[in-house]
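Colleague: I'd like to learn how to read a place where two chains touch. Could you walk me through one, step by step?

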Amino acid sequence: MRNISSVLGRLAKSVSVSLVLLFAVTLTSHAQDLKEGASLFKANCTACHKIDKKLTGPALAGMTERHSEEWLIKWIHNSKLMVDQGDPVAVALFEEYNKLLMPAFTQFSDDQIKNIIAYVQDEEVKMAQAASAPAGGAAGGAASDDASSFMLIGMAALLLLAIGVIVVLNRVTRTLEKVIANNQTAIEAARLRNEAHEESRGLKFAQKFLKNKKLVGFTALLVVVLLSVVGWQGMWNIGVHEGYKPVQPIKFSHQIHAGVNQIECQYCHGGAFKSKNASIPSANVCMNCHNTITASDHYNGDVSPEILKLYRAVDWDPDTRTYGDNPRPIEWVRIHNLPDFAYFNHSQHVVVAGVECQTCHGPIETMEEVYQYSQLTMKWCIDCHKTTEVNADNKYYDQLIEAHEKLKKGEKMTAAMIGGLECGKCHY
Amino acid sequence: MDSNKKYWKGLEELNQTPAFVESNKGEFAEPIPVEDVLNEAGLSTRAPRRDFLKALGFGLGAVTLAACNRTPVHKAVPYVIKPEEITPGIPNFYASSFNGQSLLVRTREGRPISVEANPNAVGLNQGTDATTVASVLDLYDMSKLQNPQIGGKDVEWSKLDSTVIAALNKAVSGGKQVVLVSDTINSPSTLAAIARFTTKYPTASHVQVDAISYSGIIEANKNTFGKAVVPSYHFANAQVVVSVAADFLGTWLSGEEHTQDYIKNRDHKSLKNGKMSRHIQFESGLSMTGSNADVRIAIKPSEEGAVLISLYNEITGQALAGGTTNAKAQVAIKLVAKELVNAKGSSVVVAGANDVNIQSLVNAINTQLGAYGAIIDLDNYSKQYQGSDLAFQQFLTAAKAGQVGVALFLNSNPVYSYFKSEDVKAALSKVDFSLSFSDRADETATETKAIAPRPTYLETWGDASAKEGLFTIIQPTINPVFNTRQVEQSLLVWAGDNTNIYDFVKQNWETNILAGTGKTWKDILQQGFVYKGTSTGSAYLAQVDVAAVASAIVAEAKKIAGDVELKLYESTGMRDGRYANNAYLQELPDPISKVTWDNYAALNPKFAEQLGVGENGTVTVEANGQSITLPALMQPGQAMGTVSVALGYGRTKVGKAGNKVGQNAYPLASLVNGTVQLSAKATVSKASNTYELAQTQTHHTIEGRNIIRETTFAKYLEDPNSESGRFSDTHKTYDLWNKFEQPGHKWVMAIDLNACTGCGACIVACSVENNVPVVGRDEVRRRREMHWLRIDRYYTIEENGTKFTEEKEIANVQDFENVTVVHQPMLCQHCEHAPCETVCPVLATVHSSEGLNHMAYNRCFGTRYCANNCPYKVRRFNWFNYWNDSRFDNYLNNEFTQLVLNPDVTTRSRGVMEKCSMCIQRIQAGKLQAKIENRKVKDGDIQMACQAACSANAIIFGDANDPESEVSKALRNERVYYVLEEINVQPNIGYMTKVRNTLEA
């Protein structure tokens, strides 16, 4: 069901998009390079501007109606100059936006600016189309209908089909019941015959099995061994939470942040490079990006509900773009829980030893939801210490390496060899 | 070469009392019930079938239920907006100050967890005293008030303000006095706030009174120099020090700063240069300072003045009447006077008496010795004690006459600490409105109408000026935890000034202090202090009418002379009683008696015998018409016919830890010539009940082993190796273990017995750093104190020039006045061949490649074999979960106080052994810092908590693999010996012999 509707929905979207595109292309009178405009716009403007919404700067929709092209080019080239020269429109804008000046883009040629303007106009038209289509429904007719109407029709069809099936099946049962009633005696006889046969077969097997003492003994032994193995395994895994994946208050995806967007681990988890705690980033770090990134493309122009949770935490109003004074901390659920008596220091491993985050945390950049990748048992720590070679570039180790060369020339020097297995290194 | 000196830890050991012998048989206070289990009845006991089934059923059920328990979900709550300077897991340090000492406060994730001395400070810059290290605990004290109160009920600050302002206006319009009673205030901004307050209310005045008064010195200096100040002392410049009843290394003025200076002439570096100062002490009770003296003469309190008169006569050749008749003192004074005169310019005499005449005579003597300038500094004088007993008298008289409209008490608790507390109560009842700024509803605060609780120094903006020209900043390291408000802020509000306290302090610094220093406010916040004084003072000459002073002294002495004389003294931990609710300090053993959680009447053993008082006996001490009953303590070294009692105990309204601990001895004091006197004529009589003091001294016996090595300075000069026993052991040693290389680090420690004064700051610092629990009086009695580091105190005895070496001879000693004392810090020796390691059945304690003896708590299951096998008796067993047990409710058993715990150190649970880890968390942190900075560990990077707290620099820690490190140099010293070296456990802590600068050797 869902499949059908999504397929239909997608079909409808692609049809509508292609129609709009066609329409739009015919509309644009200037033969501007939309592609260049698009890339320039995305590279330089999106930090502060959106087409349909006020951000740091004004919404760009309708800017050609508000200002002449000449004025716009001048403004984009050097807005400060205009304000300084006292252009009344420029001054008014400057005042309206908290006396924030738009950076000067002197590197753009007039044509490039024109391209940007064309792209903005083009996008504006597309948005207008998208907005008006479902309401009017006149332009595209049935073909440009959105997914929901398709779904309605599909559901109706399915309902009809289901009713049909029920009717047919009812008929079939009734016929079969009639047949049974007609052949009652014959069936009874066959059943009795079957049962007797079954019984004797099972009985015979059991008797045979019980007579064979060796087999019984063997089986009993097998069961005991099996249970012990399962028990042993179970015991060893008490308190081991490999694969632990609790539900988090915000559906934060490392796959999007670290995978798709390639954000360095250090950007959020700076503590891992300085301290024993990798530390979950404070919400203000999130806001560095998310005061502009709202993922509204995926939510029909609304802020993503997950990002809204972040806004609630820092008490940020995306419309007025102001912080309130009632922040509420986000209560994440801790995934990696070391017992209190085990001391682990991230910076020793990340900075000094140069261990990749993924070595312990797994393919974090592909995790939609983070889970505990490693066992985090002492055996797991020790196994790694036994095999990992000490980072010889660090001057701290000079003395040890020299001594090692004298004692065990040629062998690699592992963490275990320089005391990495001693109790007091982690338990104090 | 064994020393032939006999050391003993206490009289119990000396006399081999039955109880002592019995308790020494076993390692633990209670016998392990092995016999009970193994005897016939134990083994043949049959569990009835039904009981067995019940137990089985319960066991299975309990295990099943326990298994059902889901792993608790741990929340991780990051900051919403992280302060830029905070990285979780990394400490921040802030410059602040406590009692005028510039400090660095270590905070973790916004909560202060420990304090250390500011190493760049002027004056005391290495180490702190015990009360300073323990002060972090006061922040997390649950006994403090959480809201302002009027009439015992919580109110809003606005309500309190309107009430107070109304009362103040009423008092002013009615022409009545407004009096602010406080202890000494040297904080420039507090004084500025008080000035604003007194300007607003014209009838207001400020009275300063100290519970332990130094009025005598101030008055004497006013009379003889025209400067009404307490001077500061530079013992670093003194080669001969004579102290008459001044505990100048302990509680007298700034003991810790004196220690730092004094030890500079006595520690291993000074000895290396062939120099050592002389220190002669005359006193009644054995004080910490007396225990460090080269020569100590026991005198009665009434003889203090006479000794000084004799000394004056010897030095000047005059013949004032009233010299001492004490034969021992006469001999000593003759010798001492010569030394003092020979060392003119580098010799000094100090006296502890709070008496104008005695202090005037001391001034005359010091003028003769030329001590003013280099040693006694009247220019950069101390501002720690400016209280005037007389001013407080005037306040009481005025109040009783109904002339006082409003009385405010700041850091002052006269209902407890004034000797006539009824007088204070009566005066308070005549005052229209009274208020206390106390952080808790203490003895005085509960008598006042309102309480305006103040936050601790860790929560406030402020400053101090402990010495003329020295200004230290106090900056908050945490927001006020409770609904409290700074005193200065309150005074400003009541003066109608709404300046924020931060702006007020900053402004005061910028206009009054920083002008001309070239420093900015930000520099001060970073550096913590500014010093505008000079390095030494100029010379002064005392103008004293010596004859008049001497006759006054004689007259006064007659009043207190008697068969029995009482001496009250300030206790090391409680001080004047203000730290009574600090559990760390209550459990800190007294430096000499090793008593915790109590005060007592210290008596000479022979005197106690005469009184018929034995072990666990109690006595009633009566003086000035007041009497208290106290447990008796037989104190060797105590002068015959004297009794010493510590002040600071017996508080009733201080909090869970300190209430009803000991007896209040203040009522035994008296007022003579306008100064509070702590000596008196007394009677001591045996009381009927018995009381066991919680003493740690005999807990870990030395079994007669030769673990103290002591020599004299003369012998040392002849042969630096003298008495160290270094070359006595020439026999071949055998190792059970294979040799192993230690190519990385080899952490070792050197302890200078000559520098250690026994003050105990290291013990508290260790407890704070390593989350060592406080166990309480009852558990200490059971020998279950948890201190990882203890200071053992050993007595030796001499009589009439003969040393007693055999036990049976010691039994014949008639005079217990003449004891000498050695303090020995004892902690895990981190033996290379550790006996504890070999007996652990589960390998919970093992050796590291860096020379440390590791203890894995989570592996230990509590057989206590290791403690049994430790020759140094430094392992401690957790009998309870002290931090989560209602029986230990006076301290850590609440989530708020637990915030004081060091997050880098595990709290140990019940049933687990623990011991000194050599601050492994600090070692690891220091190594990691070096690795991150891509370098080797530098000497001095890593400091132990005990080392950082030691102002005498007696503890030196470092890497023995670095030949240039301080510790390597110290361990190459000829004086170094290893305790119990003969059993070849190869300890990693070396001790340096005690050197005593005595003349006869």
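Modeller: Two residues are in contact if their C-beta atoms, placed from the backbone, lie within 7 Å. Here the contact takes 43 residues from chain A and 39 residues from chain B. This is a predicted model, where local features need pLDDT of at least 70, side-chain atom pairs count only at pLDDT 80 or more, and totals for chains, interfaces and linings use all residues. Residues are numbered from 1 along each chain as its sequence is written, while chains are lettered from A and ligands numbered from 1 in the order in which they are written.

Colleague: Which elements give two or more residues to the side of chain B that touches chain A?

Modeller: Helices (H or I, at least four residues) and strands (E, at least two) are DSSP runs, numbered from the N terminus. On that side of chain B they are β1 (75-76) and α31 (920-932), and α31(B) gives the most, with 6 residues.

Colleague: How do strands pair across the two chains?

Modeller: Two strands pair if DSSP finds at least two bridges between them. Strand β3 (residues 332-333) of chain A pairs with β1(B) in the antiparallel sense, over 2 bridges. In this pairing, A:Val333 stands opposite B:Lys75.
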